[in-house]
Amino acid sequence: MYVFCYEYKLSTSQLFVIPNYYILVIDVYQAWCGPCKAVVNLFRKLKNEFGEDDVLHFGVAEADSIPTLQPFRNKCEPVFLFCVNGKIITIVRGVNAPLISKKITELVQEEREIAAGQKEHSVEDASRQLAFFFPNFGIKRTDQKVEKTLALIRPSLLKERRRKYSVLQRIKDDGFKIAMQKEIILSEEQTREFYKEHENQDYFPVLLEQMTSGPTLILALTRENAVAHWRDLLGPKTVEEAMKENPNSLRAKYAVNNIPIDQLHGSSTPDDAQKELQFFFPQEHTLALIKPAAAKKHKDDIMQKVKEAGFTISKIKEEALTREMATQFYRDHKGKPFFEHLVTYMTEGPSVVMILTKENAVEEWRQLMGPTDPEVAKATSPESIRAQFAQDILSNAVHGSSNREHALKSIECVFGEIDTD
Ligand SMILES: Nc1ncnc2c1ncn2[C@@H]1O[C@H](COP(=O)(O)OP(=O)(O)OP(=O)(O)O)[C@@H](O)[C@H]1O
């Protein structure tokens with residue numbers, strides 16, 4: 001039985017649809033004892049205190065029934081996972097009320113600063129949660145028959161949260177994996193560009209109005225024969241035809257009342273899929289760095305992982321960062337207790353500095369690095385570089401830009417102005 005404050009009960013199948021951009025505190029419990037009763041009052045108090053901007057959420061997950069939570073099984077104390085933006089950032093073991101309360105207060109404060117535009121999210125992309133729950137995904141791609149297609153969940157359907165999750169569930173049940181995803185509000189210009197072949201159709205003004213009316217969820221889906229399979233699931237092209245000819249098709253089932261435009265898109269052919277994926281997920285560059293201690297000990301193993309993950313190494317050099325460079329790199333951490341140690345550690349020998357190129361490179365490199373703290377990495381992303389090669393939270397093997405803007409700045413700072421197109 002769940003208490004009022006647990007809005008999400010996570011099961012394996014639901015794990016990948018945790019809402020993004022929330023602080024989600026998950027009580028990982030053992031079946032025999034149930035969710036932790038000792039924290040209920042604390043959670044209720046915090047929810048009252050911080051409830052107004054809808055940023056703080058609580059969930060429960062049963063360790064015994066979820067394979068990914070295996071490391072937390074058979075423990076006689078509860079474990080609390082703190083997720084921001086779909087990424088686990090901290091684990092607290094045991095009912096340490098002051099620590100839990102402090103962490104939540106800090107996180108809410110930070111989210112409020114971000115919402116007020118005073119600060120940026122260090123992690124932009126929601127697909128980070130994928131790295132946590134499906135740590136192996138995207139790391140080894142050996143199956144050549146697997147195909148990618150583009151799927152869109154249009155704004156009117158996306159607004160209906162439950163139905164959105166139901167579509168995501170259906171995608172998963174049909175054997176697709178979400179290789180990349182992002183939620184964006186398309187501008188008029190982007191919509192016109194994407195739908196330029198439809199510009200002269202009578203339905204175009206409604207399509208334009210619909211597509212720019214709110215966020216669209218853009219998904220790169222993979223599985224064998226993905227293009228045809230997704231197209232078949234969607235059914236006939238218009239809502240009217242779908243309702244008449246195939247009421248079980250997704251376009252019929254997920255139509256939105258009074259809106260004539262269907263709510264789901266899929267690429268028509270593999271060629272179209274390639275073009276559409278390139279439109280929404282263009283090749284990207286990120287700055288990756290193998291930190292000095294790891295460069296000395298694990299360079300070859302880490303480089304192997306970079307190649308296996310399909311990155312192109314567009315530039316590479318080995319060089320010791322100067323104190324100025326390290327300070328610039330980590331300027332956001334200035335003032336934190338570990339800052340001086342970090343700068344010293346980063347300058348104690350040569351680092352391997354690379355520009356990595358791939359679709360969605362910034363996010364994918366961060367997935368491959370794994371969580372900042374190797375303890376968290378071992379528990380949640382055992383295939384990640386930090387799980388395998390980091391010593392501790394400071395000496396954590398690798399660095400990666402946290403978003404595209406940082407990537408551009410860092411690349412320029414380390415390699416000067418270069419033509420990365
Ligand atoms: N609590 C901590 N104690 C010691 N060192 C820390 C701590 N938190 C972060 N660091 C160090 O500072 C670096 C930057 O922290 P940040 O939170 O930006 O992590 P990250 O984005 O995962 O890592 P990076 O910026 O190196 O890619 C970490 O990689 C780590 O070396």
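Which of the 14 residues around the ligand come nearest? Tyr-330, Arg-366, Thr-372, Leu-394 and Asn-396 do so, a residue being near a molecule if one of its heavy atoms lies within 4 Å of it. The structure is a predicted model, in which local features need pLDDT of at least 70 and side-chain atom pairs count only at pLDDT 80 or more, whereas totals for chains, interfaces and linings use all residues. Residues are numbered from 1 along each chain as its sequence is written, and side-chain values use heavy atoms, with hydrogens and water left out.

The shell around the ligand comprises six nonpolar, five polar and three charged residues; in this classification Ala, Val, Leu, Ile, Met, Phe, Trp, Tyr, Cys and Pro are nonpolar, Asp, Glu, Lys and Arg are charged, and the others, Gly among them, are polar. The side chain of Thr-372 places an N or O atom 2.7 Å from a ligand oxygen. For Arg-386, a polar side-chain atom is found 2.9 Å from an oxygen atom of the ligand, and for His-333 the separation between a side-chain N or O atom and a ligand oxygen is 3.0 Å. Of the 580 Å² of accessible area that the ligand has on its own, the protein covers 78% (Shrake-Rupley method, 1.4 Å probe). Two or more residues of the shell are supplied by each of helix H15 (361–369) and strand S13 (398–400), where helices are DSSP runs (H or I) of at least four residues and strands (E) of at least two, numbered from the N terminus.

Nine aromatic pairs are present, defined by ring centres of Phe, Tyr or Trp (its six-membered ring) within 6.5 Å; planes under 30 degrees apart are stacked, over 60 edge-to-face and the rest tilted. Phe-194 and Tyr-195 pair edge-to-face, at 4.9 Å centre to centre and 85 degrees between the planes. Both Phe-194 and Tyr-195 are buried (under 20% relative accessible area, 1.4 Å probe, protein chains only). Together with Phe-279 and Phe-280, these residues form one aromatic cluster.

The planes of Phe-311 and Trp-365 stand at 85 degrees with ring centres 6.1 Å apart, so this pair is edge-to-face. It links distant parts of the chain, 54 residues apart: Phe-311 belongs to the loop between helix H12 (292–308) and strand S11 (312–320), and Trp-365 to helix H15. Phe-311 and Trp-365 are both buried.

Lys-358 lies over the face of Phe-311, 5.2 Å from the ring centre; the criterion is NZ of Lys or CZ of Arg within 6 Å of the ring centre and within 35 degrees of the ring normal. Arg-223 lies over the face of Phe-176, at 5.5 Å.

Conventions. A polar contact is a pair of N or O atoms within 3.5 Å; within protein, one must be able to donate a hydrogen and the other to accept it, and residues adjacent in sequence count only if both atoms are side-chain atoms. Buried means under 20% relative accessible area, exposed over 50%, partly exposed in between (1.4 Å probe, protein chains only).
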